[in-house]
Every structure is written in structure tokens, then in C-alpha cells.
Amino acid sequence: MQAKISVVMPVYNTKKFLEEAIKSILNQDFQDFEFIILDDFSSDGSFEILQDFAKKDKRIRLFRNEKNEWISFCRNKLISLSKTNIICPQDSDDISEKNRLSLIHDFFEKNPIFAVVWGNCTIIDEDSKIIWFRKYSQNVEKIILKKSPVSNWSVWFKKDVFYEVWGYDDNLNYAEDYDLWLKIFSKWYKIGVLENFLYFHRIRAWQTKSLKLKETLKNTLFVQNKARKIYKIKATFSDILCNFLLKILYILPSSFVLFLFKILEYKNDKR
């Protein structure tokens, strides 16, 4: 029987968090899914854990790269391996709420005109302790050229639309998700956010946002410029001003930029 949702998860050296991530998908209240996992040549024992899970659950389809290929390559490969039109990304150190997949299925059944949908996120630390909450704006059109309005952690999207815009750019390993949403938005597809909290996103000291902040900012500026010049998304005065402020942030210390990001984006409660 054909699955209705494809959960796709790239893995690279996240042994400590894998069990929680995988079980959060396997224990969903909606069970009609395939779970495609791609190990990006991990060296910490992650692949052996994945093999154990794959032996026990037939919904898991496990693959492994012959060398480390980085995130954009992995995301594109995972989606090419999927057998459904609804794609649900899962990071290998994060946790999905138990009703995430059921909400995905119900939403797209009732709202077929949408191409991309996401929810709000609970921020946790390395010990799974709740530290913040992140709520996303409903005003996608007003902020998409200022910052990514989409939670790449809790997002779901349609595979046919993904291929229409040529998927993730393999040349980008930072802000590759932002570039994808800009491409889809430029084609006038309907995208939007739910008010539900659907995902626990884990903050770690050695994550990309922490270690590669300058590269992420640089690529953010690059994709915003591409969106205006190539995707022909019209920028407002406030968009241009925000882009200028990002250029200033780029020259400031990473520790200060991270601190500012947390102040602006994370909240202490769900209200």
C-alpha cells in the first residue's frame, strides 16, 4: 500500500540524539508514512544505530553516502528517493510533536492549493530541556525578503513544486532552505504557517548557526540579492533597509549577532 507522506532525514554524526529523533517519527499518531534516512558518511557510530532501527521497522528505508556530501546534496537525494508528493523533513537531532504528521495529512487534504506549510517550534537544549519558543509570522509577503519566514525544521512541502523550481541549490550549504522558499514564493504558490507548535528544535554549541554564522549571513545576503535580480521578487524600502542592516551584522562579532537573534526571535512562553 502506497504511503501518504515521506519523512526525510539526513544524518551526520548525531549519535547522541538519534534515538529521540527517530522514535518521535515512528510513534506518530498518523502511521501511513515512509521514513527515508540518508547517512552522510557518519564516523561516530550513527549509521550502526540507524541499521538497528531499519531492521525493526519496515517503514524505514536506509541509505548511506560513500563520502561526506553536505546538506544540500543530501536533501535533494532524499527527496529523489521519496515515493509520495508530501515531503516532511526531520533533522536528526530534533524531535517532532506526536501529532505532526496527522496535522500535515489533514491540512493538505483540506487545503490542496497550498505548496508549503510549517508550524511553530519549541527550542530545546542538548539535554532536551525547553528553553524558548519560536512563533512565525503570518505576514509572509511582508517579511520574505527580510528573512526566511519558513521554519525549515517543521515545514512540509509538495514534491512536484519542489522539482518545478529545481530543488535545493547544490552550491549552497548555508541558507539553501531560504533560497528554496524564495523560488517557490516567486512562482506565486500559496505558502503559510499554522499556529500549532509542531516541533522541538535543538540548539547545540557546534551547529551550523553557531559555528558558521558568518557563512550563513553571507549566503542569506546572496540569496536575497538573487531573489530580487533573478526571481524578480519586488523589494520594498523596508526590505532594502533590512538588507543593509544585515550587511552591518556581517561585520559584527558572531557572539553578538547570535545574542541579538535570540532576543528578537525567541520567546520565554508560547503567548
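In this predicted model, Ser24 is placed in helix H1, which spans residues 15–26.

- Apart from neighbours within four places in sequence, Ser24 is in contact with Gln90, Asp94, Ile95 and Ser96.
- Ser46 also counts as buried, because its relative accessibility is 0%.
- The side chain of Ser46 reaches the backbone nitrogen of Lys15 at 3.1 Å.
- Lys15 is also one of the residues in contact with Ser46 when neighbours within four places in sequence are set aside; the others are Val11, Asn13, Thr14, Leu18 and Asp39.

**Aromatic pairs**

- The count of aromatic pairs comes to 12.
- Trp132 and Tyr266 form a stacked pair, because their ring centres are 5.0 Å apart and their planes meet at 25°, with stacking assigned to planes under 30 degrees apart.
- This pair links distant parts of the chain: Trp132 belongs to strand S7 (residues 130–134), Tyr266 to the segment after helix H11 (254–265), and the two are 134 residues apart.
- Tyr266 is buried, with a relative accessible area of 6%.
- Phe162 and Tyr163 form an edge-to-face pair, because their ring centres are 5.3 Å apart and their planes stand at 75°, the cut-off for this class being over 60 degrees.
- Within the pair, Phe162 is buried at a relative accessible area of 1%, whereas Tyr163 is partly exposed at 39%.
- Phe162 and Tyr163 belong to one aromatic cluster, together with Phe157, Tyr168 and Trp181.

**The cavity**

- The largest cavity has a volume of about 50 Å³.
- Its lining consists of Val8, Pro10, Arg75, Leu78, Ile79, Pro89 and Tyr168.
- Strand S1 (5–11) and helix H3 (71–81) are the elements that give two or more residues to this lining.
- Helix H3 supplies the largest share, with three residues.
- By residue class, the lining of the largest cavity divides into six nonpolar residues, one charged residue and no polar residues.
- Tyr168, a member of the aromatic cluster, is also among the residues lining the largest cavity.

Conventions
Residues numbered from 1 in each chain as written. Predicted model: local features only at pLDDT ≥ 70, side-chain atom pairs only at ≥ 80, totals over all residues. Heavy atoms only, no water. 1 Å grid on protein atoms, 1.4 Å probe; cavity = no way out; pocket = protein on both sides within 12 Å on 5 of 7 lines; lining within 4 Å. Points joined across faces, edges and corners; volume = space filled by probe spheres on them. Helix = DSSP H or I, 4+ residues; strand = E, 2+ residues; numbered from the N terminus. Nonpolar A, V, L, I, M, F, W, Y, C, P; charged D, E, K, R; others polar. Contact = heavy atoms within 4.5 Å. Buried < 20%, exposed > 50% of the residue type's maximum accessible area, 1.4 Å probe, protein only. Polar contact = N/O pair within 3.5 Å; in protein donor to acceptor, adjacent residues only side chain to side chain. Phe/Tyr/Trp six-rings, centres within 6.5 Å; stacked < 30°, edge-to-face > 60°.
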